[in-house]
Amino acid sequence: MADATPAPRARSLIHGLDALRRGQPGEVRVTLGHPMENGLRHDGYGNVVPRSIVTRFECRLDDQLVFAADLYTAVAANPYLAFWLKADGPGTLRFDWTGDWGFSHRETRQINPA
Amino acid sequence: MSGIALPRRRMLGLGAGTALGLALHCRPVAAVSAAPSLRTVELDWAGGRPITEGRVNFEIAALVENGNTVPILVKVDSPMTAADHVQEIVVFNEKNPQRDVVRCFLGPANGVAQVQTRIRLATSQQLVALARMSDGSRWSQHVDVLVTLAACIEP
């Protein structure tokens, strides 16, 4: 897409990492602050608000892709995803969100399952 | 020569004008009816493989008060081992402007085949959650939901 609209800046919440146990599946819950503008709405002047959504989420454990999701306009604003993860030891988790207008957001967390 | 060329040009102009008129006339209709049916989307996703109802547990409130954010949970009955695991979980809808809702890609590192998210629903409709296993089999569960406040409405 053209770069007329700047990609929104984002904040994210990542929960569940402290509760991970070695070799045991645990739930990881991630939320990204993002409007997920679906491109169907109009502003006060009758102009269509251009689509700006997060289209892809990826989670890597030590550079190995463990979970990915393609998101569409039907995903609610501030996209929330919960998935399970089984980690056999300490490692680095990387969370990547990418979307329209060149949007990208990355979070990195060290995990040390008990 | 010019005696032939002029009507031909006029004919071409007439044809182009008609085509443009048709295109203008058809475009809104096409835009509204562009989204394929839920069944078509499911069959396309399956790529000719049979889809069996079962093994997928699709949890969503039967009565949705706010279509702007609807929690969903999809759990698939699978041991999630290297030999037998879920590779993909997708959700499609019947009556939103676009059929796709979310596509999740999983593997044995997940341990449990369960995903949750929050979605938008434009109106009361049917939803389907589908799962693709590592053996290539495809499973589904359909759910009907009633939406009292629809998403995609101003503001």
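# Worked exercises on a predicted two-chain model

A:Asn78 sits in the loop between β4 and β5 (80–86) of chain A. The structure you have open is a predicted model, and the exercises below walk through some of its local features.

**Exercise 1. Find out what the backbone does at A:Asn78, and decide whether this residue is buried, partly exposed or exposed.**

Solution. 
- Step 1: Start with the backbone. Phi of A:Asn78 is positive, about 55°, although the residue is not a glycine.
- Step 2: Turn to accessibility. The relative accessibility of A:Asn78 is 38%. Buried needs a value under 20% and exposed one over 50%, so A:Asn78 counts as partly exposed.
- Step 3: Look for a neighbour. A:Asn78 is one of the residues touched by A:Thr31.

**Exercise 2. Describe the surroundings of A:Thr31: which element holds this residue, and which residues does A:Thr31 touch beyond four places in sequence?**

Solution. 
- Step 1: A:Thr31 belongs to strand β2 of chain A, which covers residues 25–32.
- Step 2: Check burial. With a relative accessibility of 19%, A:Thr31 counts as buried, because the cut-off is under 20%.
- Step 3: List the contacts. Leaving aside residues up to four places away in sequence, A:Thr31 touches A:Arg11, A:Ser12, A:Leu13, A:Asn78, A:Pro79 and A:Tyr80.

**Exercise 3. Locate A:Trp101 and work out whether A:Trp101 is buried or exposed.**

Solution. 
- Step 1: The loop between β6 and β7 (103–111) of chain A holds A:Trp101.
- Step 2: Its phi is near 60°, which is positive in a residue other than glycine.
- Step 3: The relative accessible area of A:Trp101 is 17%, so the residue is buried.

**Exercise 4. Trace the aromatic pairs that involve A:Phe57, and classify their geometry.**

Solution. 
- Step 1: Get the overall count. Over all chains, the structure holds six aromatic pairs.
- Step 2: Take the pair of A:Phe57 and A:Phe67. Their centres are 6.2 Å apart and the angle between the planes is 55°, a tilted arrangement.
- Step 3: A:Phe57 is in strand β3 (residues 54–61) of chain A and A:Phe67 in strand β4 of chain A, ten residues apart, and the pair links distant parts of the chain.
- Step 4: Check burial of both partners. A:Phe57 is buried at 0% relative accessibility, and A:Phe67 is buried at 0% as well.
- Step 5: Move on to A:Phe57 and A:Trp97. Here the ring centres lie 5.1 Å apart with the planes at 50°, so this pair is tilted too.
- Step 6: A:Phe57 is in strand β3 and A:Trp97 in strand β6 (residues 91–99) of chain A, so the pair ties together parts 40 residues apart in sequence. A:Trp97 has a relative accessible area of 1% and is buried.
- Step 7: Assemble the group. One aromatic cluster is formed by A:Phe57, A:Phe67, A:Phe83, A:Phe95 and A:Trp97.

**Exercise 5. Follow the contacts of A:Asp70: which side chain does A:Asp70 meet in a polar contact of 2.8 Å, and which residues does A:Asp70 touch?**

Solution. 
- Step 1: A:Asp70 lies in strand β4 of chain A, residues 64–71.
- Step 2: Its relative accessibility is 17%, so A:Asp70 counts as buried.
- Step 3: The polar contact of 2.8 Å joins the side chain of A:Asp70 to that of A:Arg56.
- Step 4: Not counting residues up to four places away in sequence, A:Asp70 touches A:Thr55 and A:Arg56, along with B:Val102, B:Arg103 and B:Phe105 of chain B.

**Exercise 6. Characterise the second largest cavity: what is its volume, and which residues line it?**

Solution. 
- Step 1: Count first. The structure holds two cavities of 30 Å³ or more.
- Step 2: The volume of the second largest cavity is about 30 Å³.
- Step 3: Its lining consists of B:Ile72, B:Val74, B:Val91, B:Val102, B:Val115, B:Gln116 and B:Thr117. B:Val102 is also among the residues touched by A:Asp70.
- Step 4: Assign elements. In chain B, β4 (70–76) and β7 (114–119) each supply at least two lining residues, and β7(B) gives the largest share, three residues.
- Step 5: Five lining residues are nonpolar, two are polar and none is charged.

**Exercise 7. Summarise chain B: how many helices and strands are there?**

Solution. 
- Step 1: Chain B has two helices and nine strands, in the order α-α-β-β-β-β-β-β-β-β-β from the N terminus.
- Step 2: Of its 155 residues, 41% count as buried.
- Step 3: Among contacts in chain B between residues at least 6 apart in sequence, 65% join residues at least 24 apart.

How values were computed: Residues are numbered from 1 along each chain as its sequence is written. Chains are lettered from A and ligands numbered from 1 in the order in which they are written. This is a predicted model: local features need pLDDT of at least 70, side-chain atom pairs count only at pLDDT 80 or more; totals for chains, interfaces and linings use all residues. Side-chain values use heavy atoms; hydrogens and water are left out. On a 1 Å grid over the protein atoms alone, a cavity is a set of points where a 1.4 Å probe fits but cannot get out, and a pocket is an open set with protein on both sides within 12 Å along at least five of seven lines; lining residues have an atom within 4 Å of a point. Grid points are joined across faces, edges and corners, and a volume is the space filled by probe spheres set on the points. Ala, Val, Leu, Ile, Met, Phe, Trp, Tyr, Cys and Pro count as nonpolar, Asp, Glu, Lys and Arg as charged, and the others, Gly among them, as polar. Buried means under 20% relative accessible area, exposed over 50%, partly exposed in between (1.4 Å probe, protein chains only). A polar contact is a pair of N or O atoms within 3.5 Å; within protein, one must be able to donate a hydrogen and the other to accept it, and residues adjacent in sequence count only if both atoms are side-chain atoms. Contact means heavy atoms within 4.5 Å. Rings of Phe, Tyr and Trp (its six-membered ring) pair if their centres lie within 6.5 Å; planes under 30 degrees apart count as stacked, over 60 as edge-to-face and the rest as tilted.
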